[in-house]
Amino acid sequence: MPKPFERALELAERGRGTTRPNPVVGAVIVAGDEVVGEGWHERAGGSHAEVAALEAAGERARGATLYATLEPCAHHGRTPPCVDAILAAGIAKVVVGAPDPNPKTGGQGFARLREAAVDVNLLDGEEASRARRQNETWRTWIATGRPFVTYKAAVTLDGRVVVPGSHWVTGEESRRRVHELRAASDAVAVGMGTVRADSPRLDARDVEAPSQPRRVAFGRGPLPEGSELELLSGPLEDELRRLAGEGVQSLLLEGGPTLAASFLREGLVDKLLLFVAPTLAGSGPRWVGGTEAAIPLSGVEAEEVGGDVLLTGYIHEP
């Protein structure tokens, strides 16, 4: 049996894909050494994770410890405040993975609980990072008013985006992973240079995709005749805020070096995904240039994907 907070993270994932526009949240209630209640947020408008766990625990919740992946809410939305239910149930201690990032409501849940003499513990370290990253797109959307932007590139060991004599840079498994990323994103975008050179479709193919992402081109038009992409020609930050206002929480950026540099210079990339092929191209454009200053990354991880290596890192932690 996983530790209570690990279990809460697992439970939260059961709501993946059904809670929009809300985050995924899990909760576990422990009395002594026994788990007496579990719950997760199943769908928008339905019970929050804490309330579901409290209902499962019943009277056994009195004096117990509640583990939650996200700060319990203290405001009225489509459902009553979770804090009210926690206090009514007599929970003695609350352990939370991540604070509410909403600038209007963040911290209110903790304040209400502490005012009622509930012991509140906000985790740190790896557990806290996992809780924040579990809702990285929602957290950025709520906190900044723009989508969480992931820049993806396929590169050679010497940083080139083209391999002479080959249509592809990376292998089949990496290309399939890209389609999975598209299926999990609200929108996918390239620049007009990529549109003119490759006429990309940007849809998710040959993977499970409940719905297709919005497909966007940034830059000056016109789009080629027959293109199904949506042209966005305004300032990048303005366009991102407009997308966020239309419900786009996550944007996968697949453009070339020019678009990558533009987003990086304006501080609008949150996460980098580099699929690195075991190849030296020797010539050709590099995946990025012209950023003018060093950009440190955190949380860097490496994963083998077929014959390639996927490097993941954060410019802005969620």
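Start by selecting Ile295, Leu297 and Val300, which make a nonpolar surface patch of about 230 Å². Patch members have over 30% relative accessible area and no salt bridge, with nonpolar side chains joined within 5 Å; a salt bridge is a Lys or Arg side-chain nitrogen within 4 Å of an Asp or Glu carboxyl oxygen. Areas come from the Shrake-Rupley method with a 1.4 Å probe.

This is a predicted model, in which local features need pLDDT of at least 70 and side-chain atom pairs pLDDT 80 or more, while totals for chains, interfaces and linings use all residues. Residues are numbered from 1 along each chain, and side-chain values use heavy atoms, without hydrogens and water.

Stay on Ile295, in the loop between strand E11 (271-277) and E12. Ile295 is partly exposed at 32% relative accessible area (buried is under 20%, exposed over 50%, partly exposed in between). Helices (at least four residues) and strands (at least two) are DSSP runs.

Next, show the open, mixed sheet of 8 strands, ordered E9-E8-E7-E10-E6-E11-E13-E12. Strand E9 (230-232) and E12 are the edges; each has a single partner strand, so one side of each lacks a neighbour in the sheet.

Within the sheet, select E7 (187-191) and E10 (250-253), a parallel pair with 3 bridges (pairing needs at least two DSSP bridges). Alanine 189 has leucine 253 in E10 as its bridge partner.

Finally, select helix H5 (125-134), where Ala128, Ser129, Ala131, Arg133 and Gln134 are buried. The buried residues of H5 pack against elements including helix H1 (4-12), strand E3 (65-70) and E12 (298-305), contact being heavy atoms within 4.5 Å.

Key:
Buried < 20%, exposed > 50% of the residue type's maximum accessible area, 1.4 Å probe, protein only. Patch = residues over 30% accessible without salt bridge, like charges linked within 9 Å, V, L, I, M, F, W, Y side chains within 5 Å.
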